[in-house]
Amino acid sequence: MSLRRIGRLFTPYRWQMALVTVLIAASSVVTVASPFLLRAIIDTALPDKNLRLLAVLVAGMIGIAAISSAFGVIQTWISTKVGQQVMHGLRTSVFAHLQRQSIAFFTRTRAGEVQSRITNDIGGMESVVTSTATSIASNLTTAVATAVAMVAMSWRLSLISLVVMPPAIYLSRKVARMRRAITTEQQRELANLNVSIEEGLSVNAIALAKTMGTGPSLIQRFTASSARLIDLELRSQLAGRWRMASMSIIFAAIPAVIYLAAGLPVTAGVMTIGTLVAFTTLQNNLFRPITGLLSTGVSVISSLALFARIFEYLDLPVDITDPAHPAKIDPGQVTGHVRLASVSFTYPGADRPAVTGIDLDVPAGSTLALVGETGSGKTTLAALIARLYDPTSGSVRIDGTDIRDMRLADLAAIVGVVSQETYLLHTTVRENLRYARPEATDAEIEDAARAAQIHDLIAGLPDGYDTMVGSRGHRFSGGEKQRIAIARTLLRNPRVLVLDEATSALDTETERAVQQAFDNLAQGRTTITIAHRLSTVRNADQIAVLDHGHIVEAGTHTSLIADNGRYADLAA
Ligand SMILES: Nc1ncnc2c1ncn2[C@@H]1O[C@H](COP(=O)(O)OP(=O)(O)O)[C@@H](O)[C@H]1O
Ligand SMILES: [Mg+2]
């Protein structure tokens with residue numbers, strides 16, 4: 001399938017590859033000269049007691065070994081470098097490509113699967129990408145040179161040697177197919193193992209496992225995956241071993257047959273002892289390159305399984321991407337007028353739309369509150385405004401520009417999101433804040449933390465802003481993480497702010513501090529608040545009530561209470 005595509009990965013390195021090939025060809029030609037020297041030693045130098053000739057011939061043999069070893073070192077250096085570069089290229093392009101995937105991809109992909117492909121699958125290619133080209137070049141030239149030399153010495157004996165080829169090729173093909181199937185299974189199982197690690201050894205997973213008492217079953221699952229790997233590797237190794245064993249037997253039979261042939265009346269006396277010895281040496285030399293070539297074939301074919309998994313990721317279409325002709329906007333000049341026109345959205349694979357026919361107009365600098373029961377579509381609307389998904393129909397506009405026509409970087413500068421689940425990187429508080437704006441000064445970071453009502457707490461920690469937040473921010477309570485997230489968003493200074501149930505998990509005490517932080521954050525921005533507790537949305541300029549993906553009511557707190565409808569029910 002993708003042999004040509006694999007070949008294309010090497011095109012940037014064609015000159016290095018060409019150099020390696022030349023080196024290899026040179027060293028195999030040189031090596032093949034050795035048996036001719038041997039023949040001259042046995043048939044001429046030794047019987048004639050010609051010491052000078054003997055010295056020259058012996059020096060030649062040593063020289064040949066030295067030259068080909070030196071070539072070998074250079075060749076390993078170049079080919080390893082090329083192989084590593086190819087892997088580096090694959091790793092980085094998979095990373096970059098997946099990075100561009102929308103949330104939908106990460107929603108459907110198991111945690112651990114992506115890591116497994118980038119590390120295990122690309123890692124598994126290492127031997128193939130570093131050694132295939134050189135192995136083909138060296139084995140092929142050695143085999144050809146040896147074969148030529150064999151024919152030159154005795155074409156009759158050469159013909160006899162040919163009988164080993166068909167069974168050797170047949171065996172290799174069979175093993176290659178087996179290995180490819182096994183490799184596919186192995187990589188799948190390795191990914192399972194990785195998923196088990198992710199689901200068994202991350203902070204959140206461990207907390208769940210400990211409280212649910214599911215530790216033993218996690219261990220069982222991991223053990224089963226690991227045990228299947230033993231079985232697969234055994235099968236893979238044995239398949240290879242059987243092939244090698246059968247080929248050794250076949251190849252060992254050849255010299256025996258040749259000695260027999262040499263003794264037959266027809267051929268007896270036709271060749272010298274020197275020819276016979278030199279020929280079997282050559283023939284023995286042929287064994288290595290031919291098995292080498294066949295083994296390379298086997299590993300290339302089994303590695304197709306790895307490449308297939310990587311190419312599958314590289315070929316994923318990017319569904320949310322920069323427009324071909326982005327609108328020219330300066331995020332600093334945007335006022336933040338948000339408009340949703342007949343927006344409907346159905347999640348990929350879902351049978352019902354999550355939101356339908358949503359019309360909303362949020363003037364610049366005003367606040368909109370979205371309320372409604374769980375599952376009514378509030379988070380979905382927030383995601384559509386941040387363009388984590390594109391609407392199935394209808395449009396989201398900011399200052400009149402469809403957000404699909406904006407560069408993603410511009411949109412990210414305009415819209416800021418704080419959600420209930422805050423994700424913190426495993427680094428210091430300062431670095432977590434600086435993630436939002438790499439060029440922010442320490443003073444700006446502290447100002448943001450002050451406005452987010454978190455400065456005093458951070459400053460009171462033994463290491464202050466250099467405190468590590470722990471994996472996913474586990475060191476901090478929900479309210480503290482929330483305020484760090486607010487400080488982070490303040491640093492980005494977005495014109496449009498989306499707050500998705502950002503205070504729902506907090507107790508009233510922290511909520512007051514966080515609410516104060518939110519009020520500071522919301523000042524002068526267009527704010528879309530999704531709130532669980534209606535107390536926090538009273539002052540919104542408009543309130544929209546969602547139910548099963550539809551807006552069923554809209555107005556202000558006072559007007560909606562007066563209407564005595566759904567909102568009044570929720571508020572009661
Ligand atoms: N990634 C998803 N894939 C499929 N359906 C989803 C996805 N996320 C949410 N939904 C569904 O969409 C509906 C709206 O969900 P959501 O917007 O999260 O509601 P809310 O935030 O109001 O609780 C729900 O029925 C939910 O099950
Ligand atoms: Mg929600």
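Modeller: Gladly! Helices H2 and H3 are roughly antiparallel to each other, a label for angles over 145 degrees. This is a predicted model, where local features need pLDDT of at least 70, side-chain atom pairs count only at pLDDT 80 or more, and totals for chains, interfaces and linings use all residues. Residues are numbered from 1 along each chain as its sequence is written, with chains lettered from A and ligands numbered from 1 in the order in which they are written.

Biologist: At what angle do H2 and H3 pack?

Modeller: Two packed helices are described by the angle between their axes and the distance between the axes. Here H2 (residues 14-45) and H3 (residues 51-99) pack at about 160 degrees, with axes 9 Å apart. Their contact holds 22 nonpolar, 10 polar and no charged residues.

Biologist: Which residues surround ligand 1?

Modeller: A residue counts if its C-beta atom, placed from the backbone, lies within 6 Å. Among them are Thr107, Tyr347, Gly375, Lys378 and Thr379. Helix H12 (residues 378-385) gives the largest share of this shell, 3 residues. By type, the shell has 3 nonpolar, 8 polar and 1 charged.

Biologist: What is the strand order in the open sheet?

Modeller: Strands pair if DSSP finds at least two bridges between them. The 4 strands follow the order E2-E1-E4-E5, with antiparallel pairing. E2 (355-362) and E5 (401-402) each have a single partner strand, so one side of each lacks a neighbour in the sheet. Between E1 (residues 338-345) and E4 (residues 393-398) there are 5 bridges, and Val338 stands opposite Ile398 in E4.

How values were computed:
Axes are lines fitted to C-alpha atoms, for helices over the stretch in contact, and angles run from 0 to 180 degrees between N-to-C directions. Helices (H or I, at least four residues) and strands (E, at least two) are DSSP runs, numbered from the N terminus. Angles under 35 degrees count as roughly parallel, over 145 as roughly antiparallel, 65 to 115 as roughly perpendicular and the rest as oblique. Ala, Val, Leu, Ile, Met, Phe, Trp, Tyr, Cys and Pro count as nonpolar, Asp, Glu, Lys and Arg as charged, and the others, Gly among them, as polar.
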